[in-house]
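Biologist: I have a structure open and want to learn to read it. Please take me through it step by step.

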Amino acid sequence: MDAVLDFLFGPLKEIWAYPTFFVEVVVGGLLTGVMYSLVALGFVLIFKASGVFNFAQGAMVLSAALSFVGFNELGAPLWLALVLALALMIGLAFVIERVVLRPLVNQAPIILFMATIGVTFFIDGFFQMLWGEDVKRLDVGIPKDPIEISGVLVNTFDIVAAVVAGTLVATLAFFFQSTRIGRALRAVADDHQAAQSVGIPLQTIWVIVWSVAGIVALVAGIMWGSKLGVQFSLALVALKALPVLILGGFTSIPGAIIGGLIIGVGEKVAEVFWAEKIGGGIEDWFAYILALFFLMFRPQGLFGERIIERV
Amino acid sequence: MSLYRFGSALLGAAILAAPMALPAPALAQANEQFIPSLSYRTGPFGPNGTPFADGYLDYFKMINARDGGINGVKITYEECETAYNTDRGVECYERVKAKGPTGATAIVPLSTGITYALIERTAQDKIPMLTSGYGRSDGSDGRVFPWMFTLPATYYSQMDAIVQFIKSKEGGALKGKKISYIYHDSAFGKEPLPVIQRLSKELGFELSEFPVPNPGVEQKAIWLRIGRQIRPNYVIMWGWGVMNPTAITEAAAVGFPRDKFIGVWWAGSEQDVTPPGDAAKGYMAANFHGAGKDYKFMRDIENTVLKPGQGTGEARHVGTVLYNRGAINAAMVVEAVRTAQERYGNKPMTGEQVRWGFENLNLNPQRLASMGFEGFMPPLKTSCADHEGGGVVRIQQWDGKKWNWVSDWIEPNRKMLREMYEAGSAQYAKEKNITPRDCAKQS
């Protein structure tokens, strides 16, 4: 009994004894959560507009970053490399729509999901073949120096990442809520056939949404690539976005952000204060435990749309 | 189909199938030594596996081009992609083990996971396995592991050498000091734990351990704890792949000094220090061979392989730490074959003969000079009981452009390590019901 009490409450004493350090961990978690949200946003966009869980989102992050660095290494200045990488991601959206999605219109979501698994392996292999498998350095000039604010250590890079994510979310929210295309996207998400019957061109909408997801992937790829280097492992950051989606809901852009923040803080606090007592290295699976805990009360995620079906 | 066409087809099929039906001795006439390469050029660890595989194959090409093979026996090779997955590694092993006139010369699995999976298989198939700088350290005890070779150094030796280095930097004593150990949460990262835990008790330093789940793309929590709470004197890291640049970046993010941060030799390549950029300046890592191109064998590779356009990979990999590591692994296999030929004659060697060669390697300064390895690696000598042979380690430091030595060769505590090897191998022998060889009776 003492051991259980010590496990549960021992870390609380540590938090009480070192409040500044606790704040540092929470701030670190919030800023890391923002990075997770950047990846989760791409998943949400495609799911929201087409009901498809895009397994290829991680591969898109990798391909976007590889292309950006690749063009830069070929001599293009950063702004031109950005434009070229954007164009390539939009081109990729066209190809995916034409070759993969169009033949599968009105198929069950699981069929489309399986198709995105195929797309993942193609993108991973093709873009590594195109740009090489070497680890590439990505420096877009964002400072990475640690700074102290009221005794709390934060990193400049993480703050910039938070600003970038915030701007992206605001832009996407505006796009979905206040533009004609945004409304059309939501209509397609609700019912493909109904949207088609009122004249919404499904193919065009899919190209647009995959293009926007490609742009989000590029931003996420640049931010994560600046941190880890551009290499195959970038595709694996998608795994960090899954608990965010489970928690925040697959259809909500604010959900991706709030979910990211909760997961970020939760896993960091758990790792720093509780992990040592059970052998360490818990943050990866703890994120999923946290997400599952929320699912027990909100099966559709914190901000997901509640699905009510008539029987 | 007419009877004539059916007969012709049958005859054709018989002609095509004939070589497969020939008895093995007929094929063994080829004067070739087959050496497989279990490599990984794809997946999360592809950036590290690629230069290694390039160096491994380029060395064989150089031996063929410069010397006409090993004493006239041409080296043939074949790559099999494992993607650093144990199951695919085993599949590759099964695919290549019987190829060539005498079967696979030796297996270099380049993965601790694959090594563990192949220990019993290689022993059954009588193929020596070389695990240079990875795998299980107690495999150095040749009495229990006759088919496994850990030369030139193990993780145990390396950990002891790193702690010795830190001790020398801290004025000769570690009592009351703090060392944090951050490691890949796998068999690889856990392997040296017994050594550092024992040294912590014996030398009196406070040890904190931090496992990092694969692949290690997120380590902020760990580094906040290290850099802001524990504030150790030194951090030792056992990482691989993306875990390494992430750790260096996060160390910089919490302001932990990079010149107090030492990585395993798998965290000491250009691939690890390139992504963090300036943040990696001052970072250190262990090594068991030199970096760069300023060695005779590298000039031979340049002249006989690269200039004629026969290089395996991209030119920028040549001379990097992992390219050179591939080359040193290839050289160990070649020298084992050469040693075996001294006893069995200049012909293709079988796995059993190569095993004898590995067990009787004596790379003294003269032999290293003739290989073009002067200044590249220290001498080593193996025996029936000692399959590690050398065990010395050196520390290098990244200056932002290249690796520089910051220590001499460090001799680990042989007595302590041998005791640990024997304890581990005795346990293994008991589990597997193996009677250790009596090395006094071996010739």
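Biologist: Where is I215(A) found?

Modeller: I215(A) sits in helix 9 of chain A, residues 202–228. Helices (H or I, at least four residues) and strands (E, at least two) are DSSP runs, numbered from the N terminus. Two cautions on reading. This is a predicted model, where local features need pLDDT of at least 70, side-chain atom pairs count only at pLDDT 80 or more, and totals for chains, interfaces and linings use all residues. Residues are numbered from 1 along each chain as its sequence is written, with chains lettered from A and ligands numbered from 1 in the order in which they are written.

Biologist: Why does I215(A) count as buried?

Modeller: Burial is a neighbour count. A residue is buried if 20 or more other C-beta atoms lie within 10 Å of its own, exposed if 12 or fewer, and partly exposed in between; C-beta atoms are placed from the backbone. I215(A) has 22 C-beta neighbours inside 10 Å, so it counts as buried.

Biologist: Which residues does I215(A) touch, not counting those up to four places away in sequence?

Modeller: Contact means that two C-beta atoms, placed from the backbone, lie within 7 Å. By that test I215(A) touches L86(A) and M89(A). V61(A) is 154 residues from I215(A) along the chain, yet their C-alpha atoms are separated by 9.2 Å.

Biologist: What share of the contacts in chain A, with a separation of 6 or more, comes from residues 24 or more positions apart?

Modeller: They account for 75%. As for burial, 51% of the 311 residues of chain A are buried.

Biologist: How many helices and strands does chain A have?

Modeller: Chain A has 12 helices and 2 strands. Its radius of gyration is 21 Å, close to the 19 Å of the globule rule for 311 residues, so chain A is as compact as a globular protein of that length. That radius is taken over C-alpha atoms, and the rule is 2.2 Å times the number of residues to the power 0.38.
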